[in-house]
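Visitor: I've got a fold on my screen and I'd like to learn how to read it. Could you walk me through it?

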Amino acid sequence: MKRLIPTFNRILVQKVLQPAKTETGILLPEKSTKLNSGKVIAVGPGSRDRDGKLVPVSVKEGDTVLLPEYGGTEVKLGEKEYHLFRDEDILGTLHE
């Protein structure tokens, strides 16, 4: 299988599909399942500032992140779909 290593400050994300019902079988309203989140699969090395210093990306592989409603570039590797975002497009990280 091919592996994609993002360039610059790009982040490869696999979107997380929220369950439509709870573990006990209760159906959730559609709005509560619409949290647009994803798991960070790979990150680029970062971008350079005006002085040429490397500015690393703000997230790391394995992080769960909140994604914007629109944007990103869809990428298909094998049977799996991913999205590429720039570091500044990521809205935040999600923690349990």
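Visitor: Which residues does Ile11 touch, not counting residues up to four places away in sequence?

Guide: A contact means heavy atoms within 4.5 Å. By that rule, Ile11 touches Pro6, Val40, Ala42, Val43, Val59, His83, Leu84, Phe85, Asp87 and Ile90. Before we go on: this is a predicted model, where local features need pLDDT of at least 70 and side-chain atom pairs count only at pLDDT 80 or more, while totals for chains, interfaces and linings use all residues. Residues are numbered from 1 along each chain as its sequence is written, and side-chain values use heavy atoms, with hydrogens and water left out.

Visitor: Which residues make up the largest nonpolar core?

Guide: In soluble globular proteins, nonpolar side chains tend to be buried together. A nonpolar core here is a set of buried Ala, Val, Leu, Ile, Met, Phe, Trp, Tyr and Cys residues joined through side-chain atoms within 4.5 Å, and buried means under 20% relative accessible area with a 1.4 Å probe, protein chains only. The largest such core has eight residues: Ile11, Val13, Val40, Val59, Val65, Leu67, Phe85 and Ile90. There's also a second, separate core of six residues, among them Leu12, Ala42, Val75 and Leu77.

Visitor: How many helices and strands does the chain have?

Guide: Zero helices and eight strands. Both are DSSP runs numbered from the N terminus: helices are H or I with at least four residues, strands are E with at least two.

Visitor: And what is the strand order in the open sheet?

Guide: Strands of a sheet pair through backbone hydrogen bonds, either parallel or antiparallel. Two strands count as paired if DSSP finds at least two bridges between them. Here six strands form an open sheet in the order β6-β7-β1-β2-β5-β8, with antiparallel pairing. Its edge strands, β6 (73-77) and β8 (92-93), each pair on one side only.

Visitor: Where does β2 find its bridge partners?

Guide: Six bridges link β2 (residues 37-43) to β1 (residues 10-16) in the antiparallel sense; one of the pairs is Val13 with Val40.

Technical notes:
Buried means under 20% relative accessible area, exposed over 50%, partly exposed in between (1.4 Å probe, protein chains only).
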